[in-house]
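Have the view open and follow along.

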Amino acid sequence: MKPLLYSQKEAQTRGVGWRREGGDIRYYRCSSEEGQAMYCLTWTACFPHDHDTCYFAHFYPYTFSDLQRYLLAVASDPVRSQYCKPRVLCSSLAGNTVYLLTITSPSQNPGATAAKKAVVLSARVHPGETNGSWVMRGFLDFILSDSPDAQLLRELFIFKVVPMLNPDGVIVGNYRCSLAGRDLNRNYRTVLKESFPCIWHTRSMIQSFLSTAVSLRSRRVKKGRAGL
């Protein structure tokens, strides 16, 4: 949990980007305000150059542009693009794209693909949790690889992945909230489609997939009974 430092002069002269920096790191309760505990984070850092511009972060940043570059690389890859199909799930309040990736092995039999169980993953409902994007990046690197385990998982499942659920918050630099100042993680039951489009469409996607799965199971049961 050591803070990260980015120095523009270090980047320009030595090619050094974000790096861990700091000592005397303390995180402690300092006061209470209206019954809510307040905490302080303090540390000591030495700036590497005079007349420099420096930035601090609690974890390695991962931006909306980073995600777009990654998805473009996947779409341009003749192998990975065979079993990773990105599409637009919805637009955010600010008009930014919320991506949905469908990952599975292609099949000549549509019925076999439709019968697969689904695994749903999402990241960055809290925009400040950049470590979530790096975990998601690691998962995507694995599931799109030629690893035998990854190949088996693609044969068995359909992965529905929303890699950045709250792009507005990521872009404007919020830590926990959306552009509307609301914690999306507390609004999964919302019926306000226009106010919480990212959550509403994610939930709708899951419900649609569940309905399709129930319908397929019902058809198989009916066919089985007809055969008897």
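This is a predicted model: local features need pLDDT of at least 70, side-chain atom pairs count only at pLDDT 80 or more; totals for chains, interfaces and linings use all residues.

Now look at which parts of helix 4 are tucked away. Its buried residues are Thr130, Ser133, Met136, Phe139, Leu140 and Ile143. These residues cover an arc of only 165° around the axis, so they sit on the same side of helix 4. And what covers them? Among the elements doing so are helix 2 (64–76) and helix 5 (148–156), along with strand 7 (97–103), strand 8 (117–122) and strand 9 (157–162).

Four strands make up an open sheet, ordered 6-7-9-8, with mixed pairing. Strand 6 (84–91) and strand 8 stand at the edges with a single partner strand each, so one side of each has no neighbour in the sheet. Ignoring direction, neighbouring strands here are turned by 20° against each other on average.

Zoom in on strand 7 and strand 9: they pair in the antiparallel sense, over three bridges.

Helix 2 lies across strand 6 and strand 7, and runs at about 35° to strand 7. Helix 5 lies across strand 7, strand 8 and strand 9, and its angle to strand 9 is about 95°.

Three strands form an open one in the order 2-1-5, and the pairing is antiparallel. Strand 2 (19–20) and strand 5 (54–57) are the edge strands, each pairing on one side only. Strand 1 (residues 4–7) is joined to strand 5 by four bridges, and the two run antiparallel. For a landmark, pick Tyr6: its bridge partner in strand 5 is Tyr55.

Next, the charged pairs. How many salt bridges does a search of the whole structure find? It finds five. The table includes some of them.

| Salt bridge | Closest N and O atoms |
|---|---|
| Arg14 with Glu10 | 2.8 Å apart |
| Arg19 with Glu21 | 2.6 Å apart |
| Arg69 with Asp66 | 2.6 Å apart |

Take Arg14 and Glu10 to start. Both are in helix 1 (residues 8–14), and because they are four residues apart, about one helical turn separates them.

Arg69 and Asp66 both lie in helix 2, three residues apart, or about one turn of the helix. Arg69 counts as exposed at 53% relative accessibility, while Asp66 is partly exposed, with a relative accessible area of 21%.

That leaves Arg19, the partner of Glu21 in the table. At 23% relative accessibility, Arg19 counts as partly exposed.

Conventions. Residues are numbered from 1 along each chain as its sequence is written. Side-chain values use heavy atoms; hydrogens and water are left out. Buried means under 20% relative accessible area, exposed over 50%, partly exposed in between (1.4 Å probe, protein chains only). The arc is that of the directions from the helix axis to the C-beta atoms. Contact means heavy atoms within 4.5 Å. Two strands pair if DSSP finds at least two bridges between them. Axes are lines fitted to C-alpha atoms, for helices over the stretch in contact, and angles run from 0 to 180 degrees between N-to-C directions. A salt bridge is a side-chain nitrogen of Lys or Arg within 4 Å of a carboxyl oxygen of Asp or Glu.
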